[in-house]
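Hi,

Here is the structure I said I would pass on.

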Amino acid sequence: MNPTTTGVESKRSRVKGTRAPDAPLRPRLMRVFHFLNAEYGLGDIRRRRLKIAQIPDLNDPFELLSIDLSNKDLRRAFQATKEELSKTGGILCFSKKWSNPVLWSHYADKHRGLCLGFKVPKKYLVRVSYTTERLVSEAEKLLRTGSTDESTMRRLLSTKYAHWEYEKEMRCFVSLEEKDPKSGLYFADFSDDLRLVQVIVGARSDVSRTDVAGALGPLGKSVRVFKVRLAFKSFRVVRNKDESLWV
């Protein structure tokens, strides 16, 4: 995956310790999770790809609009910027956790869907920050200079209202290159930079072991698969250790 031209660039991972002179640097990886319904989840596994979200289709209407836009000229400029970025860049949206029941309710068909776990190089991931106030200093800077730098653009692309904090979101900004001819959507192919390592089946899901195994095919040897249940003592989703309850 390549960073988009939105001003968000990946940073080279720092490696501690020593290594042989000719040994390649191994990227630091982070495990992140993507929720979706059963149909799309199994379909993406079969096709070895993940849908790229386009900015206008995201469920937060304040995407890229976290800045104070009380100035009319700035408001117009940012609306135009948002529209322009939407033509060339998209987002892979992940969460740091899979155990939050609200995520399963909102993004995995009310616990009937799937959660896919991936290992992604940290250098491609941006942590979303959450706030209760619109960004004022960035607005003042833009009005003063008439332009934006990488740091400011990065913050605008990764700042959301505080009520979204439960998502614990991590984002990967990618270029929109070639549409899928059938769906008209954009996808990122599974790769070393987007490596599927877990398939977690929702507590209310009818997806069977056979369904998952059939979708995974040869990938099944390297992907951990399990079903979850609701916790007995907390408001969490946990792994169901009684394997006999999932056929």
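**Salt bridges, rings and charges over rings**

Arg-49 and Asp-180 pair up through their side chains in a salt bridge, 3.2 Å from N to O. Arg-49 and Asp-180 are both buried. Bear in mind that this is a predicted model.

Arg-49 has another contact too: its charged end sits over the ring of Phe-187, 3.6 Å from the ring centre.

In total, the structure holds eleven salt bridges. Another of them joins the side chains of Glu-63 and Lys-160, at 3.9 Å from N to O. Here again distant parts of the chain are linked, with Glu-63 in the loop between strand E3 (53–54) and helix H2 (72–88), and Lys-160 in strand E8 (residues 159–161), 97 residues apart. Glu-63 is buried, as is Lys-160.

Lys-160 also forms a salt bridge with Glu-167, where the closest N and O atoms are 3.4 Å apart. Glu-167 is buried as well. If you colour by charge, pick out Glu-63, Lys-160, Glu-167, Glu-169 and Arg-171, which are linked in a network of salt bridges.

Now the rings. There are four aromatic pairs in the structure. One of them is Phe-35 with Trp-104, which is edge-to-face, with 5.3 Å centre to centre and 85° between the planes. Phe-35 is in strand E1 (residues 29–36) and Trp-104 in helix H3 (residues 101–107), so this pair links distant parts of the chain, 69 residues apart. Both Phe-35 and Trp-104 are buried.

Phe-118 and Phe-190 form an edge-to-face pair as well, at 5.4 Å centre to centre and 75° between the planes. Since Phe-118 lies in strand E5 (residues 114–121) and Phe-190 in the loop between E10 and strand E11 (195–201), the pair ties together parts that are 72 residues apart in sequence.

Why does Phe-190 count as buried? Its relative accessible area is 16%, and buried means under 20%. Phe-118 is buried too, because its relative accessibility is 0%. Together with Phe-94, Phe-118 and Phe-190 make up one aromatic cluster.

Cheers

How values were computed
Residues are numbered from 1 along each chain as its sequence is written. This is a predicted model: local features need pLDDT of at least 70, side-chain atom pairs count only at pLDDT 80 or more; totals for chains, interfaces and linings use all residues. Side-chain values use heavy atoms; hydrogens and water are left out. A salt bridge is a side-chain nitrogen of Lys or Arg within 4 Å of a carboxyl oxygen of Asp or Glu. Buried means under 20% relative accessible area, exposed over 50%, partly exposed in between (1.4 Å probe, protein chains only). Helices (H or I, at least four residues) and strands (E, at least two) are DSSP runs, numbered from the N terminus. Rings of Phe, Tyr and Trp (its six-membered ring) pair if their centres lie within 6.5 Å; planes under 30 degrees apart count as stacked, over 60 as edge-to-face and the rest as tilted. A charge sits over a ring if NZ of Lys or CZ of Arg is within 6 Å of the ring centre and within 35 degrees of the ring normal.
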